[in-house]
Structure formats: C-alpha cells, structure tokens
Amino acid sequence: MTVEHKRGSRTAGTESPAAASRGDGRPGTVTLDDLLLRVARGDVEAFAGVCDQIGGAVYGVVRRIVADQSRAEQVAGEVLMEVWRSAARFSPSACSGLSWVTTMARRRAMNRAEAAAGDGPAAGPGPSGAAEVVAERGGSRLLAHRGLASLPGPEREAVLLTCCGYSWRQAADLLGVPASTVAERLRDGLLGLGSYTD
Amino acid sequence: VVTGRRHDLHLLTGVYAVDALTDAEVAEFEKHLARCASCAEEARGLRETAARLAMATAIAPPPGMCEQVLAAAARTRQLPPPGRKLLPFGMRQQGRWRLTLPRPVAVATVSLV
C-alpha cells in the first residue's frame, strides 16, 4: 500500500474517497493531503477516505506502542477522531499528511502507554532484545520490512525499539549502550531507510 | 538536559523525529533547531521517513473500527483553524451585513413592547 504525496497540490476533489482507498497509484487517485484539506471543511466523505487510507498505519503505530490489542483499537480510534477534529490545523507546507497523522498517533499512543501503569514499554521482567519486543507487539511486518532488514543490526535495533515506543534512554538501557549511541544509530538508520519508499 | 557538547546536538535529529526524547529534551532541542537550519531540515525529512515506514508496516485494523469512528465524527464538532475562535451563536457563516441584532439590543427592544 502506498500513499502519493503531492505536497501543496490542490487538485479538484472530484474523485470519490473509494477511489482513494484503493491507493493503487492510478491517475486520479486522491492524495491524503487533498483529503485532509477537504476534511478541514467538514467533508465526512473525505474523512471516510482518510480512514480507509491510513487507518491501518495508525493502528499499526499504536498497536506496537500500546501492546494490548483492544486498548490499541480504542487509542487508534481516538487518533482518527483527533484527525477529524483538528484537520483545520493541518498545514501541507509544514509536513505531509501522512507524517502529521502518524506523529499524532505515535504521541497519543506513547502518552497512553505511559499513563497505564505496568503497560509501559519498560515494565515487566523485560525483553532481551529489540526483535523480541517487536514480536510481542504484532510487529511481523516491521521484522519483514526489506529496508529495515538491509540496515546494519545496531541501527535496525534502534529503529525497531523506537517504533515500539521506547525512549532513547529506555533503548539505551535495554541495549546496554549510552543514549548518545542510540541517537546516532537511530539517525543513521533513518537516513539509510530514507531511500526506501515502501 | 540533553547532553553536554554542542556538536552532539546534531545527532539528535532522529530521536527528535520519532518523539523518543522527553518533553524537557524536546524543548531544549527545539531551541537548537531554531538556530540550525540543516538540523531542522534533516529532522523534518527523518519524520517523513518514519511516516513512510509506518505506512509500509500498517496493520489491518479490527473490523468496525473505521465505521465507529465515522459514526462518532458525524456527531462531533471540529476545531476552528488556529488563531480563529468560534464565533458566538448567530454570527457563524454569515457576512457582517447579515448579523442579527446584538443580544442586549434585542432584549431592550422586547422590554419596550
């Protein structure tokens, strides 16, 4: 599944959200940014298109951080409602719609995970490594991601742990390295991933 | 809070982009971003990369999740754009020339009858 990004494009919204939901990259596919701009004007149909396009990305981000499945569903629903409520604050010149929404999802999920005692990433007896953390959180698609798989192990671990809501300091504790090392590995890992588009 | 030497700050773009810093650390790093255009640009790019990774590793949501959200949206009011406040009742989506009388005037008129 891919989402087209045309930052700042303002094509007329004549296509149906259903066409957007197919996300097949055919000409005429409505971009997420365009849908969000329509949602900002109260367009419920466009919001259905948004949910179709990024419901899975939002749920994935939240699920890997919140861990518990039913709570993840609840939090993902809250994120989508936040998208609906605050769509007028989305600015395509500041970031892509996908980045706006997934950042919102990550932050809300991290707040929820912190708030729930015993449900935080660092709670419990503790996993022994990044792959184990990811596997516990429905992260099979992360583990299978080709771009991630191509990264050097330490960089990959840093990316995986932060995808699971670990702060740089929590990741450093788990890996037994200084936090600054985690920061450097994560940066290198994300820079390496930048050339992968799917 | 973040870390001692200044050049180390440049390495924090990744942890900043994926929200892996504490609030206090974020505040401090954003001061740096305001002065360092290359870090600001890099952080923005890394956040986009993380977003694409999220899209590529989406998990099918439980059935009914989106339907529930859509039903809730239909009865939930949206926030105004930043910097614009909700207008008082009766002034929404109308030009000034169509404004109804301000309330105190309307009340005064009624009381005269």
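**Ground rules.** I'm working on a predicted model, where local features need pLDDT of at least 70, side-chain atom pairs count only at pLDDT 80 or more, and totals for chains, interfaces and linings use all residues. Residues are numbered from 1 along each chain as its sequence is written, chains are lettered from A and ligands numbered from 1 in the order in which they are written, and side-chain values use heavy atoms, with hydrogens and water left out.

**Back to A:Thr103.** I placed A:Thr103 in helix H5 of chain A, residues 97-115. Helices are DSSP runs of H or I with at least four residues, strands are runs of E with at least two, and both are numbered from the N terminus. A:Thr103 is buried at a relative accessible area of 8%; the cut-offs are under 20% for buried, over 50% for exposed and partly exposed in between, with a 1.4 Å probe and protein chains only. A polar atom of its side chain sits 2.7 Å from the backbone oxygen of A:Ser99.

**Chain A overall.** I count 11 helices and zero strands in chain A. Of its 198 residues, 52% are buried. For contacts with a separation of 6 or more, 60% join residues 24 or more positions apart.

**Helix H2 of chain A.** Why is H2(A), residues 32-39, largely enclosed by the rest of the structure? Because eight of its eight residues are buried. I note that the buried set includes A:Asp33, A:Asp34 and A:Arg38 along with A:Leu32 and A:Val39.

**Cores.** I looked for nonpolar cores next, meaning sets of buried Ala, Val, Leu, Ile, Met, Phe, Trp, Tyr and Cys residues joined through side-chain atoms within 4.5 Å. The largest has 47 residues, and A:Phe47, A:Val50, A:Ile54, A:Val58 and A:Val62 have the most contacts inside it. At least two residues each come from H2, H3 (44-66), H4 (69-86) and H5 of chain A, and from H3 and H4 of chain B. H3(A) supplies the largest share, 12 residues. Not counting residues up to four places away in sequence, A:Val50 touches A:Leu32, A:Leu35, A:Leu36, A:Val39, A:Gly55 and A:Val83. Another core of 38 residues lies apart from it, with A:Leu160, A:Leu161, A:Leu193 and B:Leu12 among its members.

**The interface.** I find 46 residues of chain B and 65 residues of chain A in the contact. The two chains bury about 4,800 Å² between them, 64% of it on carbon and sulfur atoms; that is the accessible area (1.4 Å probe) lost on being put together, summed over both parts. On chain B, the residues losing the most area to chain A are B:Met55, B:Ile59 and B:Gln78, together 14% of what that side buries.

How many salt bridges cross the interface of chain B and chain A? I get four, taking a side-chain nitrogen of Lys or Arg within 4 Å of a carboxyl oxygen of Asp or Glu. A:Arg169 forms one with B:Glu25, the closest N and O atoms being 2.6 Å apart.

On the chain B side, the elements giving two or more residues are H1 (13-17), H3 (37-56) and H4 (65-74). H3(B) gives the most, with 13 residues.

Technical notes
Contact = heavy atoms within 4.5 Å. Polar contact = N/O pair within 3.5 Å; in protein donor to acceptor, adjacent residues only side chain to side chain.
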